[in-house]
Amino acid sequence: MKYDAKKVLRNLKEKMIEEQIKTISADLDSSNSLTVAVALSELKRLKDRWHVQEAVKALSSTGDAAVISAIRYLSSIKYPISFKEIDHLVKKSERIRKEVVTLSQYMTPEDGCKLLSLLLEDRSSAVKIQSLKQLEKVQCDEGVQQAKKFLEDEDPKVKVESIKGLLNLGENVDEKIVTEIIENTKLPFEIRTAALKIFVMHFKDSLPLLKKMAESTYSKMNSVAISLMGKFPCDEVWKSLETVILNDSLPSETIQSALKSASNTCGERKELEEMAIKYVNYPSKSLKITALRVLMSIESQNVEGIIEEFLEGRDRNLKLSVVPFVEKYPSKNNVEVLLASLEDDDEEMMENSLKVLGRLKTKDERIRNGLFDHTIGVRIQSLKALVSSGDIGLEELMEFVRSVSEPLEIKIEALNGIAKIAPQRLEELL
């Protein structure tokens with residue numbers, strides 16, 4: 001019989017995960033609801049499907065955390081629960097009522113509609129909003145009719161969510177209802193901008209209103225409007241975007257939005273490179289990165305040098321932001337900065353650098369620095385990088401797998417390494 005390394009690898013991983021699941025599942029019998037909550041969350045992460053009854057039992061727990069973890073576990077496996085099994089939850093806390101509505105999409109159409117309709121009548125706006133988000137996933141004419149009533153709701157958040165849900169279902173909504181929200185300066189910007197996004201997505205001839213909002217004195221509003229211009233042809237929006245980009249006295253977030261939109265729709269404009277280069281030296285860090293991304297998108301010759309400048313600077317956030325770019329621009333200096341970071345104590349910088357070094361298959365003794373006495377994320381990326389460069393031996397990987405103290409994630413990564421180096425040796429671990 002032909003040796004099937006993929007099958008052996010899959011069986012080994014399943015065996016390890018099953019052992020971990022068995023250990024964790026012992027906590028499901030705990031009288032402490034927080035312990036049960038943590039166990040269910042871990043089982044969900046491991047994609048366990050064998051503890052449905054324990055999860056259903058946890059729905060009757062006195063602690064919110066256990067109930068919510070149980071709902072999320074059942075939702076993750078798309079368990080077709082009945083309304084009878086969860087009807088008591090609609091009288092529980094707001095947190096639980098918001099969560100339980102997610103199960104409606106996995107119930108029978110009748111039960112799902114019953115739950116959704118009930119929660120759409122909830123006293124809490126937050127629960128109503130969460131229920132409206134499920135409207136597309138549940139066949140429920142009654143829910144659609146309830147959503148239509150919310151078009152006149154006093155809570156603008158509920159109103160916006162009902163508009164979105166109805167339009168996504170192909171229902172008609174009067175354009176005026178949406179524009180009134182967008183132009184109502186008394187409403188919070190997040191509600192107005194949400195309505196603006198809906199308007200652009202669902203209504204024709206939205207550009208005139210978009211340009212009007214782009215001239216708003218409120219930077220949050222005009223930034224969103226300008227960012228949405230990137231969805232339109234360049235000829236229709238270039239003048240508006242150019243005016244913003246050339247005005248460096250505007251808030252940085254407004255300029256960022258204009259640069260992003262211009263990059264999306266006007267990438268062939270020669271003027272764009274010169275405009276972006278100007279903002280690489282701007283005080284705002286986020287604007288610097290946006291300008292750099294624009295230059296990358298138009299394949300500017302200046303990119304490699306800018307990345308090098310940011311990596312060698314003192315600003316940690318800038319360094320972290322450009323580390324992923326080294327994969328595409330792996331100059332000797334840029335790679336050396338990543339390698340040097342492995343000798344520091346910055347775990348986040350180490351993990352991000354190791355990801356890139358692994359993809360570049362870089363060989364360097366400093367990569368091994370992350371293999372022990374670091375966070376699990378750093379250790380995994382160090383192991384991946386060593387495997388990708390061929391700088392770790394087979395026996396060392398076998399030791400990781402056989403170790404009783406190593407966490408599951410490390411063992412699985414070591415298995416992946418063995419599968420690449422010597423797949424025929426996997427059978428020894430069964």
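1. Let's start with Phe203: its relative accessibility is 14%, so Phe203 counts as buried (buried means under 20% relative accessible area, exposed over 50%, and partly exposed in between, with a 1.4 Å probe and protein chains only). Phe199 is buried too, at 2%. By the ring rule there are 4 aromatic pairs (rings of Phe, Tyr and Trp, the last by its six-membered ring, pair if their centres lie within 6.5 Å; planes under 30 degrees apart count as stacked, over 60 as edge-to-face and the rest as tilted). Phe199 and Phe203 form one that is stacked, with 5.2 Å from centre to centre and 25° between the planes.

2. A word on what you're looking at. This is a predicted model, so local features need pLDDT of at least 70 and side-chain atom pairs count only at pLDDT 80 or more, while totals for chains, interfaces and linings use all residues. Numbering runs from 1 along each chain as its sequence is written, and side-chain values use heavy atoms, with hydrogens and water left out.

3. Which parts of the chain does the pair of Phe372 and Phe400 link? First, the geometry: Phe372 and Phe400 are stacked, 5.9 Å centre to centre with 20° between the planes. The pair links distant parts of the chain, 28 residues apart: Phe372 sits in the loop between α22 (347–359) and α23 (376–389), and Phe400 in helix α24 (residues 394–402). Phe372 is partly exposed at 41% relative accessibility, whereas Phe400, at 5%, is buried.

4. Now zoom out. The protein has 25 helices and 0 strands (both are DSSP runs numbered from the N terminus: H or I with at least four residues for helices, E with at least two for strands). The C-alpha trace spans about 70 × 65 × 45 Å along its principal axes. Of the 430 residues, 50% are buried.

5. How do α12 and α13 run relative to each other, and why? The axes of α12 (residues 189–202) and α13 (residues 207–214) come within 10 Å and cross at roughly 155° (axes are lines fitted to C-alpha atoms, for helices over the stretch in contact, and angles run from 0 to 180 degrees between N-to-C directions). The two helices are therefore roughly antiparallel (over 145 degrees; under 35 is roughly parallel, 65 to 115 roughly perpendicular and the rest oblique). The α12 side of the contact is Arg192, Leu196, Phe199 and Val200, and the α13 side is Leu209, Leu210 and Met213 (contact means heavy atoms within 4.5 Å). That contact divides into 6 nonpolar, no polar and 1 charged (Ala, Val, Leu, Ile, Met, Phe, Trp, Tyr, Cys and Pro count as nonpolar, Asp, Glu, Lys and Arg as charged, and the others, Gly among them, as polar).

6. Another helix pair to look at is α1 (residues 5–25) with α25 (residues 408–421), whose axes come within 11 Å and cross at roughly 170°. They are therefore roughly antiparallel to each other. Residues in the contact include Leu9, Leu12 and Met16 of α1, and Leu408, Ile412 and Leu415 of α25. By class, the contact has 8 nonpolar, 2 polar and 2 charged residues.

7. Last stop: is Ile86 buried or exposed? At 0% relative accessibility, Ile86 is buried. You'll find Ile86 in helix α5 (residues 83–86). Leaving out residues up to four places away in sequence, Ile86 touches Leu59, Ile81, Val100, Leu103, Met107 and Leu115.
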